[in-house]
Amino acid sequence: PSHLDLPTVQARLGEALMREQQQRAAALAQAGQQRQAGQLEQAAAAYQALLAQAPESAEARQGLADTAADMAARSARLAADFDFEGAQAALDLARQWQPDSPALATAEQRLQSARAARGQLPSADADPARVAELLARASVAMRRGDLAEPPGDSAWDALRQVQALAPDAPGLADSYAEYDRRAR
């Protein structure tokens, strides 16, 4: 206690601890911003790195749990768009990050429901006239400016129906490009 350098060493230790806390706070803030921006993989990696450094960090644990829930929600959205590979990959990532997340069960259920619904949809080969009619309806709605409203009669709704019926329909990619151009 009477060593002459002790106050200096204690001051440097305090400064080092403060820098470490500031770096941890900055890393948490950056991970939160990444999560808000939808960069879920990067956010999860940042939270995992923080947990590796400080396993007791409640903020990092909660951030990782929230990121896993967001990824599970992304999985559900992808399943609704019949992107089953993407939905399963997102679900697997969420399960890696937070195996006991309640959002996983919901996303898994939505994925199974979407797969079942996809199986019940009629084949596009069976009704090419319906696909052409929907593409024409989408084109008319875009010219009217009804991109997302009114529900059920918008260009977006018609394009989603075509996507569900015939994801490889000729003209669908062009219609989506036109939709994107008009939306911008």
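A salt bridge is defined here as a side-chain nitrogen of Lys or Arg within 4 Å of a carboxyl oxygen of Asp or Glu. The structure is a predicted model, in which local features need pLDDT of at least 70 and side-chain atom pairs count only at pLDDT 80 or more, while totals for chains, interfaces and linings use all residues. Residues are numbered from 1 along each chain as its sequence is written, and side-chain values use heavy atoms, with hydrogens and water left out.

A search of the whole structure for salt bridges finds 11. One of them joins the side chains of Asp 70 and Arg 35, with an N to O distance of 2.7 Å. Asp 70 belongs to helix α3 and Arg 35 to helix α1, so this pair ties together parts that are 35 residues apart in sequence. Helices are DSSP runs (H or I, at least four residues), numbered from the N terminus. Asp 70 counts as partly exposed, at 24% relative accessibility; in this classification, buried means under 20% relative accessible area, exposed means over 50%, and partly exposed lies in between (1.4 Å probe, protein chains only).

A second salt bridge is found between Arg 24 and Glu 20, whose closest N and O atoms are 2.6 Å apart. These two residues are four places apart in helix α1, and Arg 24 and Glu 20 are therefore separated by about one helical turn. An α-helix has 3.6 residues a turn, so residues three or four places apart point the same way. Both partners are partly exposed: Arg 24 has a relative accessible area of 22%, and Glu 20 has one of 41%. Helix α1 also contains Ala 25, which is partly exposed with a relative accessible area of 43%. From Ala 25 to Ala 90 the C-alpha to C-alpha distance is 27 Å, and the two are 65 residues apart in sequence.

A further salt bridge links Arg 95 to Glu 108, the closest N and O atoms being 3.5 Å apart. Arg 95 lies in helix α4 and Glu 108 in helix α5 (residues 102-120), so the pair ties together parts that are 13 residues apart in sequence. Arg 95 is partly exposed, with a relative accessible area of 33%. Through salt bridges that share partners, Asp 92, Arg 95 and Glu 108 are joined into one network.

Helix α2 was examined for its length and for the placement of its residues. The expected span of a helix is 1.5 Å times one less than its number of residues. For the 14 residues of α2 (residues 40-53) this gives 20 Å, and the end C-alpha atoms are 20 Å apart, which agrees. The buried residues of α2 are Leu 40, Ala 43, Ala 44, Tyr 47, Leu 50 and Leu 51. They cover an arc of only 125° around the axis, which puts them on the same side of α2; the arc is that of the directions from the helix axis to the C-beta atoms. Ala 52 and Gln 53, on the other side of α2, are exposed. The cover over the buried residues of α2 includes α1 (6-36), α3 (58-80) and α4 (84-97), where contact means heavy atoms within 4.5 Å.

Aromatic contacts were considered next. Rings of Phe, Tyr and Trp (its six-membered ring) pair if their centres lie within 6.5 Å; planes under 30 degrees apart count as stacked, over 60 as edge-to-face and the rest as tilted. By this rule there are three aromatic pairs. Trp 156 and Tyr 179 form a tilted pair, 5.6 Å centre to centre with 40° between the planes. Trp 156 is in helix α7 and Tyr 179 in helix α8 (residues 172-183), so the pair ties together parts that are 23 residues apart in sequence. Trp 156 counts as partly exposed at 33% relative accessibility, whereas Tyr 179 is buried with a relative accessible area of 13%. Ring pairs link Trp 156, Tyr 176 and Tyr 179 into a cluster.

Two loop residues complete the account. Gly 171 is placed in the loop between α7 and α8 and counts as partly exposed at 31% relative accessibility. The C-alpha atoms of Gly 171 and Gln 30 are separated by 41 Å, the two residues being 141 residues apart along the chain. Asp 146 lies in the loop between α6 (128-144) and α7 (155-165). Not counting residues up to four places away in sequence, Asp 146 touches Ala 141, Ser 154 and Ala 155.
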